[in-house]
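Load the model and keep the selection tool at hand. The stops below go residue by residue.

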Amino acid sequence: MRARRFAEARGRLAKTDRLDARMLSELGARLQPPPEPAPSAKREQLAAFARRRDQLVEMRARQRRHLQEAFDTAIIADIESLIEHLDGRIAAI
């Protein structure tokens, strides 16, 4: 947001990569913002677990959609088994 306000104050509202890069460089040179600390290892791990959980939830939703279309009992049983497994993995994470 600060970069956008800086660009507006400078009268540079065009959106191109070249202009954005130049404006960000000028902003950094003028304001000299302190570097942001690197995220902690614990935070990175938590973010990785959250991403993995989201992936598993999406996989489960996809299998539930497949289940609605299935008509063969063996296929239905296989999909239900996979959904059950995904439920466990989601709970574990």
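**Stop one: Ala77**

Select Ala77: this residue is partly exposed, with a relative accessible area of 41%. Ala77 sits in helix 4 (residues 73-92). Helices here are DSSP runs of H or I with at least four residues, numbered from the N terminus.

Before moving on, note the ground rules. This is a predicted model, in which local features need pLDDT of at least 70 and side-chain atom pairs count only at pLDDT 80 or more, while totals for chains, interfaces and linings use all residues. Residues are numbered from 1 along each chain as its sequence is written, and side-chain values use heavy atoms, leaving out hydrogens and water.

**Stop two: Leu31**

Go to Leu31, in helix 2 (residues 17-31). Leu31 is partly exposed, at 43% relative accessibility.

**Stop three: salt bridges**

How many salt bridges does a search of the whole structure find? The search finds four. The criterion is a side-chain nitrogen of Lys or Arg within 4 Å of a carboxyl oxygen of Asp or Glu.

Show the side chains of Arg60 and Asp87. They form a salt bridge, with the closest N and O atoms 2.8 Å apart. Arg60 lies in helix 3 and Asp87 in helix 4, so this pair ties together parts that are 27 residues apart in sequence. Is Arg60 buried or exposed? Arg60 counts as buried, because its relative accessibility is 17%. Asp87 is partly exposed at 30%.

**Stop four: around Glu58**

Center on Glu58, which is partly exposed with a relative accessible area of 37%. The side chains of Glu58 and Arg62 meet in a salt bridge at 3.9 Å, N to O. The two are four residues apart in helix 3 (residues 41-69), so about one helical turn separates them. Arg62 is partly exposed, at 36% relative accessibility.

Arg65 has a relative accessible area of 42% and is partly exposed. Keep Glu58, Arg62 and Arg65 selected together: salt bridges that share partners join them into one network.

Methods. Buried < 20%, exposed > 50% of the residue type's maximum accessible area, 1.4 Å probe, protein only.
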